[in-house]
Amino acid sequence: GVLFTPTTARLQGELRPAIVLAHGCGGMNDRRGNLVPRHRDWAERFARWGYVALHVDSFGPRGIEAICDLKERPAHPWTVRAVDQYAALDYLAGRADVDTHNVFILGWSHGGSTVTGVVWSKSLEGRGSSDPRFKAAVAFYPGCERPLRQKGYEPTMPLLILHGAADDWSPAAPCIALAERLKLSRFPVQTIVYPGAMHGFDAPAMPVRRLPNAYNPAAPGERGAHIGTHEVSRQKAIAETRQFIERNRAPARVM
């Protein structure tokens, strides 16, 4: 993984909130081994907001490259990758500067689907009552078909889903239906859909383009999807994400 620490000075005894970041099907890094611009952009933003941010690489250590073009995908979101996120939580909880009561999680696409698994009670099986828990979760354009059809699915924490109405890779409709189904649950899912936004709308300065080989069950021949920045939606999502996380933060703690 890659760790970002807050850019502001830490007061004596101050404990920081933290966030775990889960990459999409393209992986954490680009082909040169550098963080994808979207990942760096968000991590640096959280650092400016005073958070310890940890990107978790679920692919590289397993010898997996980008899986966007694969129908059968390794590192399943609800099993392998969910375990990775809790391992990251345990790492952060072991740091002397992190407030264990204020650790959040955010994921994109395949990582957003990972988040929908992390928030489910099944992911907590095997964890003790004293083990750290995530405070709340944010999922950017996840696939919501599985949680929608999963019997007994309910989040164990607040969950915000941010989606694009023009997303032709991971359609927003199942996430809208999921929020409707869970509106009376203990932790109702909040789904926000941005008109005109496609998959990857929050990436900085990424021109809209078509990925012809991307595996997409909704496309003719199960291939092809569009991605790209939608700046208006990007700015709204940044604000919505901050408001959601700040609203769900517990009072600050000190050592």
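User: Hi! Which helix is V232 found in?
Analyst: Hello! In this predicted model, V232 is part of helix α6, which covers residues 231-247.

User: And is V232 buried or exposed?
Analyst: V232 counts as exposed, because its relative accessibility is 52% and the cut-off for exposed is over 50%.

User: Switching to aromatics: how many aromatic pairs does a search of the whole structure find?
Analyst: The search turns up 13 aromatic pairs. Take Y51 and F104: the ring centres are 6.3 Å apart and the planes meet at 65 degrees, so this pair is edge-to-face.

User: Where do Y51 and F104 sit in the chain?
Analyst: Y51 is in the loop between α1 (37-48) and β3 (52-56), while F104 belongs to strand β4 (residues 98-108). Y51 and F104 are both buried.

User: What about F140 and Y141?
Analyst: Those two also make an aromatic pair, edge-to-face, at 5.9 Å centre to centre and with 75 degrees between the planes. Both F140 and Y141 are buried.

User: Which residues form the aromatic cluster?
Analyst: One cluster takes in W42, F46, W49, Y51, F104, F140, Y141, Y194 and F201. As for W42, R45 lies over the face of its ring, 4.7 Å from the ring centre.

User: Nice. New topic: why is helix α3 described as largely enclosed?
Analyst: Nine of the nine residues in α3 (residues 110-118) are buried, so the rest of the structure largely encloses this helix.

User: What do the buried residues of α3 pack against?
Analyst: Their partners are β2 (16-22), α2 (77-93), β4, β5 (137-140), α4 (145-149) and β6 (159-164).

User: How many bridges join β5 to β6?
Analyst: Four, and the two strands run parallel. Within that pairing, A139 has I161 as its bridge partner in β6.

User: And how do β6 and β7 pair?
Analyst: β6 and strand β7 (residues 189-194) pair in the parallel sense, over six bridges. Here I161 stands opposite T191 in β7.

Methods
Residues numbered from 1 in each chain as written. Predicted model: local features only at pLDDT ≥ 70, side-chain atom pairs only at ≥ 80, totals over all residues. Heavy atoms only, no water. Phe/Tyr/Trp six-rings, centres within 6.5 Å; stacked < 30°, edge-to-face > 60°. Buried < 20%, exposed > 50% of the residue type's maximum accessible area, 1.4 Å probe, protein only. Lys NZ or Arg CZ within 6 Å of the ring centre and 35° of its normal. Contact = heavy atoms within 4.5 Å. Pairing = 2+ DSSP bridges.
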